[in-house]
Structures are given as structure tokens and as C-alpha cells.
Amino acid sequence: MATKKKVSAAKKYANGTTYKDSAGKTHKRVAHPGTKRGDAYCARSSGQKSKDGTKSPKLVARRKAWGCKGKKSVK
């Protein structure tokens with residue numbers, strides 16, 4: 001039985017990667033750092049934590065892509 005190679009969250013959730021929503025439609029991950037939209041994402045995601053009180057690897061990767069510094073998005 002072949003085992004799958006573990007892919008890092010930084011690569012799996014990087015800009016340009018695709019994902020399918022619940023309706024089955026494919027979307028591309030795109031971040032817009034340094035914009036109002038980026039500020040909104042950073043503010044919204046700043047308080048997100050797992051049940052154990054840590055940030056998930058996906059959240060860390062996406063916040064980095066958006067350029068989050070606290071609740072603001074910078075380029």
C-alpha cells in the first residue's frame with residue numbers, strides 16, 4: 001500500500017491553488033494584500049483559533065498570503 005506524501009499547508013493553501021466549494025464549483029485562491037478587502041479579511045480572521053487555542057496551519061498560511069499584521073493587511 002502506497003502512502004501519500006504530506007504536503008505543507010504553505011503549499012496546499014498558497015495563492016493560485018484551487019479548491020471546490022460545497023456546490024462543486026472550482027475557485028482559485030487569490031489574496032489582495034494592502035487593500036480594504038485585505039483589511040477586512042485580517043480583522044475577521046485575527047480572532048480565529050482552534051478548540052485547543054492555537055491557529056490552524058491553513059489560517060497561518062492564508063493570513064501570511066494576505067499580508068496580515070494584526071488586524072491590518074500590508075503589502
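Trainee: Which residues form the positive surface patch?

Mentor: Heads up, this is a predicted model: local features need pLDDT of at least 70, side-chain atom pairs count only at pLDDT 80 or more, and totals for chains, interfaces and linings use all residues. Residues are numbered from 1 along each chain as its sequence is written, and side-chain values use heavy atoms, with hydrogens and water left out. A patch takes residues with over 30% relative accessible area and no salt bridge, joining like charges within 9 Å and nonpolar side chains (Val, Leu, Ile, Met, Phe, Trp, Tyr) within 5 Å; Lys and Arg count as positive, Asp and Glu as negative, with His and the chain ends not counted. Here, the positive patch is made up of Lys4, Lys6, Lys12 and Lys58.

Trainee: Is Lys4 buried or exposed?

Mentor: Lys4 is found in the segment before helix 1 (9–12). Buried means under 20% relative accessible area, exposed over 50%, and partly exposed is in between (1.4 Å probe, protein chains only). Since Lys4 has 82% relative accessibility, we call this residue exposed.

Trainee: In what order do the elements of the protein run from the N terminus on?

Mentor: Helices (H or I, at least four residues) and strands (E, at least two) are DSSP runs, numbered from the N terminus. The protein has 3 helices and 4 strands. Read from the N terminus, the order is α-β-β-α-α-β-β.

Trainee: How much of the protein do buried residues make up?

Mentor: For scale, the C-alpha trace spans about 45 × 30 × 25 Å along its principal axes. Cys68 in strand 3 is an example of a buried residue, because its relative accessible area is 12%. Of the 75 residues in the protein, the buried share is 23%.

Trainee: Which side chains meet in a salt bridge?

Mentor: Side chains of opposite charge can pair when their charged atoms come close. The rule here asks for a side-chain nitrogen of Lys or Arg within 4 Å of a carboxyl oxygen of Asp or Glu, and searching the whole structure turns up 1 salt bridge. The N to O distance is 3.7 Å, and the partners are Asp39 and Lys72.

Trainee: How many residues apart in sequence are the parts tied together by Asp39 and Lys72?

Mentor: Asp39, partly exposed because its relative accessibility is 21%, has its place in helix 2 (residues 36–45). Lys72 belongs to strand 4 (residues 72–73), so the pair ties together parts whose separation in sequence is 33 residues.

Trainee: Which residues form the aromatic pair?

Mentor: Rings of Phe, Tyr and Trp (its six-membered ring) pair if their centres lie within 6.5 Å; planes under 30 degrees apart are stacked, over 60 edge-to-face, and the rest tilted. The structure holds 1 aromatic pair. With 5.0 Å centre to centre and 20 degrees between the planes, the pair is stacked, and its members are Tyr41 and Trp66.

Trainee: How far apart in space are His32 and Gly67, C-alpha to C-alpha?

Mentor: His32 is in the loop between strand 2 and helix 2, and 31% relative accessibility is why His32 counts as partly exposed. Along the sequence, His32 and Gly67 are 35 residues apart, yet in space their C-alpha separation is 8.5 Å.

Trainee: And how far apart in space are Ala23 and Asp52?

Mentor: Ala23 is in the loop between strand 1 (18–20) and strand 2 (26–28), and its 72% relative accessibility is why Ala23 counts as exposed. Ala23 and Asp52 are 29 residues apart in sequence, and C-alpha to C-alpha the gap is 30 Å.

Technical notes:
Accessible areas come from the Shrake-Rupley method with a 1.4 Å probe; for residues, only the protein chains shown count as cover. The place of a charge is taken as NZ of Lys, CZ of Arg, CG of Asp or CD of Glu.
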